[in-house]
Amino acid sequence: MPRNPASHIPDPPAPPRRATNVTLPEALLREARELGINLSQACERGLVSAVAEVKAERWLRENRAAMEAWNDHVERHGLPLSEYRQF
């Protein structure tokens, strides 16, 4: 059976990491440790989520006028190419 050539592609290098201090409630920290949760990974996932949420909110705020203008246009003129829709 032929081998998958993609299996020989090396993983991309990991992005540089930087140590930081995080202050957490003692009870939460104790429970996380008891459950074997990797604190760095959990904090990273939470921060990735928070950054994505703020970026999405910012994008919506920055593009609100364009979206409203498009919605007004569609309301007045209908969808472009709507005569070709088959549903």
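The largest pocket holds about 420 Å³ of space. A pocket here is an open set of points on a 1 Å grid over the protein atoms alone, where a 1.4 Å probe fits, with protein on both sides within 12 Å along at least five of seven lines; lining residues have an atom within 4 Å of a point. Grid points are joined across faces, edges and corners, and the volume is the space filled by probe spheres set on them. The model is predicted: local features need pLDDT of at least 70, side-chain atom pairs count only at pLDDT 80 or more, and totals for chains, interfaces and linings use all residues. Residues are numbered from 1 along each chain as its sequence is written, and side-chain values use heavy atoms, leaving out hydrogens and water.

The pocket lining has 15 residues, with Arg18, Thr20, Ser40, Cys43 and Glu44 nearest the centre.

The chain has 2 helices and 0 strands, taken as DSSP runs numbered from the N terminus (helices H or I, at least four residues; strands E, at least two). Helix 2 covers residues 39–77. Its 39 residues reach 54 Å from first C-alpha to last, close to the expected 57 Å, which is 1.5 Å times one less than the number of residues. Gly78 follows helix 2 and has a positive phi, near 80 degrees.

For the chain, the C-alpha atoms fill a box of roughly 60 × 55 × 25 Å along the principal axes.
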